[in-house]
Amino acid sequence: MSASRPAAVIVLAAGEGTRMKSRTSKVLHELCGRSMLGHVLAAARELEPGRLVVVVGHRREQVAEHLAEHAPDAETAVQEVRSGTGHAVRMALEQTGALEGTVVVTNGDHPLLRGETLAALVRSHEDEGNAATILTTEFPDPTGYGRIVRAADGSVAAIVEHKDASEAERAINEINVGMYAFDGSLLEAALKRVTTDNAKGEEYLTDVVEIMRADGHRAGAHLAADWVETQGVNDKVQLAQARRQLNDRILEAHMRAGVTIVDPATTWIDAGVTAEPDAEILPGTQLHGETHLGEGARVGPNCTLTDTRVGAGATVANAVCVSAEIGPEASVGPYAYLRPGTRLGRGAKAGTYVETKNADIGEGSKVPHLTYVGDAEIGEHSNIGAGSVFVNYDGVDKHRSVIGSHVRTGSDNMFVAPVTVGDGAYTAAGSVIVQDVPPGAMAVARAPQRNVEGWVERRRAGTPSAEAARRATEDAGE
């Protein structure tokens, strides 16, 4: 039986996270291209809930701003004073009003949680007809966690805190993860009866489970198969561990889908990256944002690509690319920097120590060496000489240069924008092109060479250069 769409998923994200020792809200720390909260919301969306509510509190302005940019479908409920998990859910229900159906409660600092695990929780909850279902797991070392004591029929008989547990209860490895599925109508009524009669003076969500049980309703538990995904993140050490675990999961998914990853230990891929079969990723490569690799593309070693599309059969080596589009069979690097707005056509090349920005380089055109191409359009099958600069900025405004198709430009050229070089034209090495070049013309824009004989011996007498010049002159005269 498949799980129904829950009425709501409530994400608890109001905590201070003091152990992170950061001015950034705990749930906004990033791993694999998303905030912790972003990963939780992505898992929650897989359930297609009627409403998605995030309870905010500490640094709520940061969290609200993040949600407005990255998750505009999420509502926020404010917990002004952090008075426990039960109180947080009560604040959410004040925002939503009465909810009929299943309500899922999860935590904003559990970035490894899978959507399929939440779906299985909902399915167990509904199949068993529970009023409350606790997500549980079996920790290798459950010390400090509340133990799940089950009745003979598999329902939950009690949640016993570690300090209160007997020796037999401490031997139980099944623990409460702190996530739940509730019957919405029963949840609202039970929350009104939760007290603060405890050491911390807080409203605990676990008390809701006990209230429902005392009223004769069934409480169940769904055991998550992988305890790793149920781990929360409380400090920077755990954040790094979660980042590695999540990256390993992402890499495995790509490899099982037909992508070759030569060295998983040095490869980092964000959750939003996509790749087609037979793409190959070499060591030391990072793929960020919405980067996409086409079939047979080869990226690496030592590349960092962000929001970049790499066409089928293209190669990118030792390069940094940001918001660029690399066409099929194109070639980038080594040591190239493709900045936003760069588009390489099929079979085009941006070679060694080439930087491009807002540049459209046509099919088969090559920018092989030591060149800056900014705010420019290069046609098809043209070649830009080594050491060239597209001079696009006059100190106030940016201007655009246009190089036609089948153009051959000399080395050490300066193209002072706005300027156009027509189809089939040539430019001489060392030229500063400040005027348009007609199609098929040869542009020469450099001063005639002048040799001043004997200058070194006169002006640099006594230097090794002067001595070498003297010997060479004497040898030539013999």
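Q: In which strand is histidine 369 found?
A: Histidine 369 is part of strand 29. Strands here are DSSP runs of E with at least two residues, while helices are runs of H or I with at least four, and both are numbered from the N terminus. Keep in mind that this is a predicted model, where local features need pLDDT of at least 70 and side-chain atom pairs count only at pLDDT 80 or more, while totals for chains, interfaces and linings use all residues. Residues are numbered from 1 along each chain as its sequence is written, and side-chain values use heavy atoms, leaving out hydrogens and water.

Q: What makes histidine 369 partly exposed?
A: Its relative accessibility is 38%. Buried means under 20% relative accessible area, exposed means over 50%, and partly exposed is in between (1.4 Å probe, protein chains only). So histidine 369, at 38%, lands in the middle class.

Q: Which UniProt annotation covers His369?
A: The unreviewed UniProt entry labels His369 "active site". Such positions follow the numbering used here, with feature names shortened, and the annotations may be inferred rather than shown by experiment.

Q: Which residues count as contacts of histidine 369, leaving aside neighbours within four places in sequence?
A: Contact means heavy atoms within 4.5 Å. By that test, histidine 369 is in contact with Thr352, Tyr353, Val354, Gly385, Ala386 and Gly387.

Q: What makes Tyr335, Tyr353 and Leu370 a patch?
A: Patches are made of residues with over 30% relative accessible area and no salt bridge, where like charges are joined within 9 Å and nonpolar side chains (Val, Leu, Ile, Met, Phe, Trp, Tyr) within 5 Å. Tyr335, Tyr353 and Leu370 form such a nonpolar patch on the surface, with about 360 Å² of accessible area together. That area comes from the Shrake-Rupley method with a 1.4 Å probe, and for residues only the protein chains shown count as cover.

Q: How do you know that the buried residues of helix 7 line one face?
A: In helix 7 (residues 206-214), the buried ones include Val208, Val209, Ile211 and Met212. Looking down the axis of helix 7, its buried residues fall within an arc of 165°, so they line one face. The arc is taken from the directions from the helix axis to the C-beta atoms. Their cover includes strand 7 (132-138), strand 10 (174-183), helix 6 (184-191) and strand 11 (219-223).

Q: Why do lysine 26 and aspartate 109 count as a salt bridge that ties parts together?
A: A salt bridge is a side-chain nitrogen of Lys or Arg within 4 Å of a carboxyl oxygen of Asp or Glu. Lysine 26 and aspartate 109 meet at 2.8 Å, N to O, so they qualify. Lysine 26 is in the loop between strand 1 (8-13) and strand 2 (30-31), and aspartate 109 is in the loop between strand 6 (102-107) and helix 4 (115-127), so the pair ties together parts 83 residues apart in sequence. Lysine 26 is buried at 11% relative accessibility, and aspartate 109 is buried at 13%.

Q: How many salt bridges are there by this rule?
A: The count comes to 22.

Q: What makes glutamate 467 and arginine 470 a salt bridge?
A: Their closest N and O atoms are 2.3 Å apart, so the pair meets the 4 Å limit. Both lie in helix 10 (residues 464-477), three residues apart, about one turn of the helix. Salt bridges that share partners join Glu467, Arg470, Arg471 and Glu474 into one network. As background, an α-helix has 3.6 residues a turn, so residues three or four places apart point the same way.

Q: Why is asparagine 247 called buried?
A: Asparagine 247 has 0% relative accessibility, so it is under the 20% cut-off. Asparagine 247 is in helix 8 (residues 236-256). Not counting residues up to four places away in sequence, asparagine 247 touches Cys32, Thr267, Trp268 and Ile269.

Q: What makes aspartate 423 partly exposed?
A: Aspartate 423 has 48% relative accessibility, so it falls between 20% and 50%. Aspartate 423 is in the loop between strand 35 (419-421) and strand 36 (426-427).
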